[in-house]
Amino acid sequence: MSNFSLGNRLRQLRNNRALSQEQVAHIADITPAYLGQVERGTKNITVYTLEKVCRALNISLAEFFSVANIEPNRETDEIAVQIFHQLNGRSISEKQAVLRLIKLVFSIQEMT
């Protein structure tokens, strides 16, 4: 994504979790108006406040930026986001097992 927007990313993550601006703002100890301004790109956000919002969304800052290239505007991208969320919080060995399973499914598909 060439023009990564922190606000759009926050909105995307918040909506994926079916949370309102008010809910996230309350947990992050900021005002809903400020969160709305950040999401619209009319206010800047500090790293400290972004970290508080990420905690409210139950993700790390690294996770916030790690799927920045996923645009859930297409059905397949939304599925990729859902897969990512299913893996969130899983152990490395669990993630590796899922990756092996995905690779196996694709290799079987290629045989048919």
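1. Residues are numbered from 1 along each chain as its sequence is written. Because the model is predicted, local features need pLDDT of at least 70 and side-chain atom pairs count only at pLDDT 80 or more, while totals for chains, interfaces and linings use all residues, and side-chain values rest on heavy atoms, with hydrogens and water left out.

2. Helix α2 (residues 21-28) packs against helix α3 (residues 32-40) at an angle of about 110°, and their axes are 8 Å apart. The two helices are therefore roughly perpendicular (a term for angles of 65 to 115 degrees). Their contact (heavy atoms within 4.5 Å) is made by Gln21, Glu22, Val24 and Ala25 of α2 together with Pro32, Leu35, Gly36 and Glu39 of α3.

3. Arg14 has its place in helix α1 (residues 6-16), and with a relative accessibility of 9% it counts as buried (under 20% relative accessible area, with a 1.4 Å probe and protein chains only). Leaving aside residues up to four places away in sequence, Arg14 touches Leu19, Ser20, Gln21, Val24, Leu35, Glu39 and Leu57.

4. A search of the whole structure finds 1 aromatic pair (ring centres within 6.5 Å). Phe64 and Phe65 form this pair, which is edge-to-face (planes over 60 degrees apart), with 4.8 Å centre to centre and 85° between the planes. Phe64 is buried, at a relative accessible area of 0%, whereas Phe65 is partly exposed, at 40% (partly exposed lies between under 20% for buried and over 50% for exposed).

Notes:
Axes fitted to C-alpha atoms, helices over the stretch in contact; angles between N-to-C directions. Helix = DSSP H or I, 4+ residues; strand = E, 2+ residues; numbered from the N terminus. Parallel < 35°, antiparallel > 145°, perpendicular 65-115°, else oblique. Phe/Tyr/Trp six-rings, centres within 6.5 Å; stacked < 30°, edge-to-face > 60°.
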